[in-house]
Amino acid sequence: MNDMRLINKADAMTDTKISARGVDVHYGDTHAITAVDVEIADKTVTAFIGPSGCGKSTFLRCLNRMNDTIDICRVTGDIRIDDEDIYDKRVDPVQLRAKVGMVFQKPNPFPKSIYDNVAYGPRIHGLARGKSDMDDIVERALRRGAIWDEVKDRLHAPGTGLSGGQQQRLCIARAVATEPEVLLMDEPCSALDPIATAQVEELIDELRTQYCVVIVTHSMQQAARVSQRTAFFHLGSLVEYGPTDKIFTNPEDPRTESYISGRIG
Amino acid sequence: MTQHIASAYDRDLEEIQALIMKMGGLVEAAILDGAQSLETHDVALAEKVRAGDKVIDDLEEQINEAAARVIALRAPVSKDLRVLLVTMKLAGSLERVGDYAKNMAKRTAVLAEMRAVDGTESSLRRMAREVRGMLNDTLDAYLRGDAGLAESVRQHDQDVDQMYNALFREFLTFMMEDPRNITACMHLHFIAKNVERMGDLVTNMAEQVIYLETGVMPEEARPKGDNTSVTLIDDEGV
Amino acid sequence: MTVNTSLLTIDARTRKRNAAETRFKAYGIAALAVGLLFLIALLTAIISNGTGAFKQTFITLPVELRADILDKDGTGDPEVIAKVSTFGYAPLIGMALERAVNETGVETPLPPQAMLQMVSASAAAQIRDFVLENPDRIGDTVEFRLLAASRVDGYFKDRVSRESLARDRNLAPEHLDVVDALQDAGVIETSFNAAFIFGADASESRPEQAGLGVSMLGSLFMMLVVLLLSLPIGVAASIYLEEFAPTNRFTDFIEVNISNLAAVPSIVFGILGLAVFIQFMHLPQSAPLVGGLVLTLMTLPTIIISTRASLKSVPPSIRDAALGVGASKMQSVFHHVLPLAMPGILTGTILGLAQALGETAPLLLIGMVGYIATNTPDGLAEGFLSPNSAMPAQIYEWAKRADPAYYERAWGGIIILLVFLMVMNIIAILLRRRFERRW
C-alpha cells in the first residue's frame with residue numbers, strides 16, 4: 001500500500017561507503033573547509049550543492065586525493081573508504097585513483113582514439129591479460145557509459161571528434177573502465193546542452209546500481225532530479241545532509257531553505 | 001507523447017496515476033455498495049462501506065504527498081504540471097465523493113428500521129448507478145486522455161439532475177400524503193441530495209480532465225438541471 | 001535638449017577617428033613596404049653576386065700520357081710511377097695546350113710555356129691522381145676536363161679585363177686573345193661547377209679550386225652533436241622545471257638565469273669553450289666535437305624556453321584526466337603531455353639548430369676559423385675529432401682573402417647557407433603541421 005514510503009526507506013538502509021570525520025582543508029592561509037562530517041552511502045547518488053566557492057568541489061577532490069597535486073593545500077581529518085584511511089602513509093594515491101574514478105566539468109577525452117581513451121587506465125594498471133581481454137574491457141566500459149551503440153563502428157576514430165554529450169559519456173566510460181567502486185563527478189553536465197544533460201543524468205541513474213556516486217552540482221534542480229541524498233555546503237561547512245526529497249520539500253536548516261528557494265546566492 | 005529521457009520521471013508519474021485509479025476504483029465500489037445496502041437494507045455492507053472510507057482518505061493524503069514530491073524534485077512544466085495539479089484535484093474530489101458514499105451507508109442503518117417508501121429506493125439506486133457510470137467514464141477519460149468522453153460526462157449530469165428533481169417531487173408528495181413518512185423521506189432526501197452532489201463533483205472531475213488534455217478550462221457553462229431550489233408544490237398536489 | 005543625430009550622417013568625432021585609423025594603417029603598410037624593399041635589395045645583391053660562384057671555366061684537353069715521361073723504365077709499378085711529382089706532369093699539359101692553340105690557328109706572341117699559365121695549378125695534380133689510379137692508361141691519350149686558371153675564369157665572369165691584367169703576375173693581356181680563340185673552338189667553356197658545393201677548400205692562390213663541401217661536413221657533424229646533446233638535455237630540464245620542480249626561491253633563481261643565458265653574446269660561449277673544452281679537457285682544437293659542444297651550450301636555453309612554452313600550452317584538463325584515471329605524475333607527463341607538446345618542441349629545436357648553424361663568433365675562439373678544410377674526413381670518429389671548419393666560418397675566411405675570386409665565392413657560400421636555413425625552416429613548419437593534434 002504505501003509503496004512510495006517503502007522505496008524511500010530502502011535507500012536509507014544501504015551501507016556506508018565513504019565516511020569523513022572532522023575534515024579541514026586549508027589553501028595556504030585560507031580555511032576552505034571546516035569540520036565536515038558526512039557518511040556517504042554505497043549504491044546511491046549523493047549530491048553536493050551550495051553556492052559558488054562553498055567548498056563542495058574542494059571536498060570532492062579530497063576523496064580521491066587530487067588535492068595532493070596542489071602544493072599549498074593541506075588536508076586534515078579522517079577520510080575513510082571501506083573503513084580504510086585514504087590519507088594513511090601507506091596508501092599510494094595512484095592506486096587510490098584506480099578505485100575512485102573521477103569525471104570532470106569539461107569533457108576531457110585524451111587526444112587519442114576512442115578505444116585508447118578507454119583502454120589507457122586498464123593498461124597502466126595491468127588489468128587486461130591480452131588483446132581480446134582488453135577488447136572485452138573496453139566494450140563493457142563503453143556499454144556502461146551508454147555510448148557503445150554510437151561508437152562501436154568507429155572505435156579508432158579520435159575521441160575528440162565526438163559531440164559534447166558523447167565526449168562526457170566517453171569520459172564516464174573511461175572512468176568506469178578501471179573497475180572503480182566510487183565515482184566522483186565534478187559538475188559533469190555544466191558544459192552540456194539540456195538534451196545531453198538529460199542523457200548523462202539518465203546514465204547516472206543507471207550507474208548507481210553498481211557504484212557509489214558522488215556528484216557536485218551548482219544546479220539544485222539537477223541534484224533534485226538525480227540524487228537520493230543531498231548535502232548542502234555553505235561557506236566551507238556542511239549545513240545539512242539528508243534524503244533528497246526531504247531537503248527539497250521540508251529542509252530542517254533555514255539556510256538550506258533560503259538556498260533552495262533562491263533567496264541567497 | 002514520447003518518454004522522458006529520465007525514465008525515473010516517467011515511473012514517478014505512472015505511480016501517481018496508478019494511485020488515482022486505485023482510489024477511483026475504491027470509490028466506485030463504495031457507491032455501488034452503498035446503493036446496494038440501501039436497497040437490500042444490508043447493514044453489514046453499510047458498515048463495510050463506512051470502514052472503507054478511511055482507506056480512501058489515506059490514499060488522498062498519499063497522492064498529495066507524492067505529487068508535491070514530484071513537483072519539488074522535477075520542476076514539471078506544461079502537460080506534466082497539469083497532470084500533477086489535476087491529479088491532486090481529482091484526489092480531493094474523489095475523497096469527497098467517497099465521503100458522500102459513506103454518508104449514504106450511514107443512513108442505511110437508520111432506514112433499515114423503518115418501512116420502505118415505495119419506489120423511491122429503486123430510483124435512488126438508479127441514480128447512484130448513473131453517477132457511478134459517470135465516474136467510471138471520467139476515470140477512463142483521464143487514463144486514456146479522451147477529452148471527448150469527459151465532455152459527454154459533463155452533459156450527462158443533466159440526467160442526474162432530472163432524476164433528483166423527480167425524486168424531490170416524489171418525496172414532497174409522499175410527505176404530504178402521510179406524515180409518518182416524513183422521517184424516512186427526510187433521510188432519503190438527504191441521500192438523494194448527496195448523490196446529486198456526487199454527480200456534480202464527478203462533473204467537476206470531468207472538467208479537470210478536459211483542462212488536463214487541452215490546457216484550457218471548458219468555458220461554456222454546463223447545463224444545470226437542478227431546479228429544486230425553485231420547486232413549489234401546493235396542498236392539492238401538482 | 002537632445003541633438004537630433006541620424007545614423008546616416010557621420011559625426012565629427014567618428015570622422016577624425018576614422019582618419020587617424022586610416023593614417024595608422026598607411027604607416028603600417030609603408031613600414032612593410034620599406035622592409036620588403038630592403039629584403040628584395042638584399043636578395044638581389046646576394047643572388048647577383050653569388051650565382052657566379054656556381055659556374056666555373058673548364059678547359060677540355062686531350063692529354064697524351066707519355067710513357068717516356070711518366071714511366072721511363074716501363075715497369076708499370078705504381079710506386080715508381082708515384083715518384084713522378086706534379087712538376088713532371090706539367091710539360092704534358094703544356095704540350096697538349098700547345099697543340100690545341102695551334103689548332104685554332106690564332107697568332108700569339110707568347111711562348112708555348114706561357115700557355116700553362118692559362119691552366120689552374122691543380123690540373124697537374126688532377127692528371128697525376130688519374131694516372132696513379134689507372135697506371136694501365138699510360139701511353140694513351142685521355143681527354144681531361146681541367147680547371148682554367150683563376151684569372152681566365154675571372155675574364156669570363158667580367159671581373160678581369162685587359163687593362164686590369166696589365167700589371168698582373170699571373171696572366172698577360174695577350175693570353176686573353178688565345179683564350180678567346182680557344183673559346184671559339186669550344187675548348188674553353190663555362191659550366192656548372194659541382195665542386196664548389198661538394199669540394200674542399202683550397203689555398204689562397206687557387207680560388208678556382210675552392211669548394212664548400214668539407215666545411216659543410218664540419219657543420220653537419222657539429223649539428224649532430226648539438227642535436228644529440230641539446231634535445232634530450234633541454235627537454236628533460238624543461239620537463240623537470242615545468243612539472244616536478246617545487247615552487248621555491250631556488251627554482252625561480254634557475255628560471256631567471258636560463259632566460260638570461262639566452263641573451264648572452266655568443267662569443268662568450270666561445271671563450272668558455274676555449275677555457276673548458278680545449279684548455280682544461282684537452283679536446284682536439286678545431287674539432288667539430290668542440291664546436292658542437294659550444295653551440296650546445298648556446299642552444300640549450302633556447303630549447304628549454306621553447307619546450308617550456310609548449311608544455312605550458314597543454315591544457316591542465318589533460319593532466320587532470322590522466323591523474324584521475326590513476327596515472328602517476330611521470331606517466332601523465334610522458335604518455336599525454338609530452339606527445340601533445342611535441343610539435344612545439346620540434347619547432348623550437350629546429351629553429352634553435354638553424355640559429356646555431358649560422359653562428360660564427362664562438363667558432364672563432366676554438367679555432368674552426370682560419371683552418372683550411374682541405375681533407376674530407378673518413379669515418380665518423382675522424383669526422384668528429386679531426387680539425388675542420390664550419391660553413392659560416394668558411395664564408396668569413398673567404399671574404400677575408402685578397403683574391404677577388406674568393407669574394408665571389410663568399411657570396412656563393414652565403415647562398416648555400418641561406419638555402420640550408422630555408423630548408424630547415426620548411427622542415428620545421430612541415431613537422432609542426434604533421435604532428436599538430438587538436439584537443
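Two strands pair if DSSP finds at least two bridges between them; with that in hand, welcome to these close-ups of a predicted model.

**View 1. Strands E1 and E4 of chain A pair in the antiparallel sense.** Strand E1 covers residues 16–27 of chain A and strand E4 covers residues 73–81, and eight bridges join the two. To find your place in this pairing, look for A:Ala20, which stands opposite A:Ile79 in E4(A). Strands of a sheet pair through backbone hydrogen bonds, either parallel or antiparallel.

View 2. Chain A as a whole has 11 helices and 10 strands. Along the principal axes, the C-alpha atoms of chain A fill a box of roughly 55 × 50 × 35 Å. Of the 265 residues, 48% count as buried. Chain B meets chain A through 13 residues of chain B and 15 residues of chain A. Helix H1 (7–40) and helix H2 (43–74) of chain B each supply at least two residues of the side of chain B that touches chain A. Which element gives the largest share of that side? H2(B) does, with seven residues. By class, the side of chain B that touches chain A holds eight nonpolar, two polar and three charged residues.

**View 3. Chain A meets chain C through 20 residues of chain A and 18 residues of chain C.** On the side of chain A that touches chain C, two or more residues come from each of helix H3 (93–99), strand E6 (100–103) and helix H4 (114–124) of chain A. The residues of this side divide into nine nonpolar, seven polar and four charged.

**View 4. The largest nonpolar core has 143 residues.** The members that touch the most other members are A:Val213, A:Val214, B:Ile63, B:Val131 and B:Val202. Helix H6 (residues 182–214) of chain B gives the most to this core, with 14 residues. Zoom in on B:Ile63: leaving aside residues up to four places away in sequence, B:Ile63 touches B:Ile16, B:Leu19, B:Ile20, B:Met23, B:Thr87, B:Met88 and B:Ala91. A second, separate core has 51 residues, including C:Met222, C:Val314, C:Ile366 and C:Ile414.

**View 5. Chain C has 18 helices and three strands.** The C-alpha trace of chain C spans about 105 × 65 × 35 Å along its principal axes. A compact globule of 439 residues would have a radius of gyration near 22 Å, but chain C has 31 Å. Of the residues of chain C, 34% count as buried. Residues 24 or more positions apart account for 77% of the contacts in chain C with a separation of 6 or more.

**View 6. Helix H10 of chain C runs over residues 249–261.** Its end C-alpha atoms are 18 Å apart, which agrees with the 18 Å that 13 residues should span at 1.5 Å a residue. How many residues of H10(C) are buried? The number is zero, so H10(C) lies largely in the open.

Note on methods. Residues numbered from 1 in each chain as written. Chains lettered and ligands numbered in written order. Predicted model: local features only at pLDDT ≥ 70, side-chain atom pairs only at ≥ 80, totals over all residues. Contact = placed C-beta atoms within 7 Å. Helix = DSSP H or I, 4+ residues; strand = E, 2+ residues; numbered from the N terminus. Nonpolar A, V, L, I, M, F, W, Y, C, P; charged D, E, K, R; others polar. Rg over C-alpha atoms; globule rule 2.2 N^0.38 Å. Buried ≥ 20, exposed ≤ 12 C-beta atoms within 10 Å, placed from the backbone. Expected span 1.5 Å × (residues − 1). Core = buried A, V, L, I, M, F, W, Y, C linked by C-beta atoms within 7 Å.
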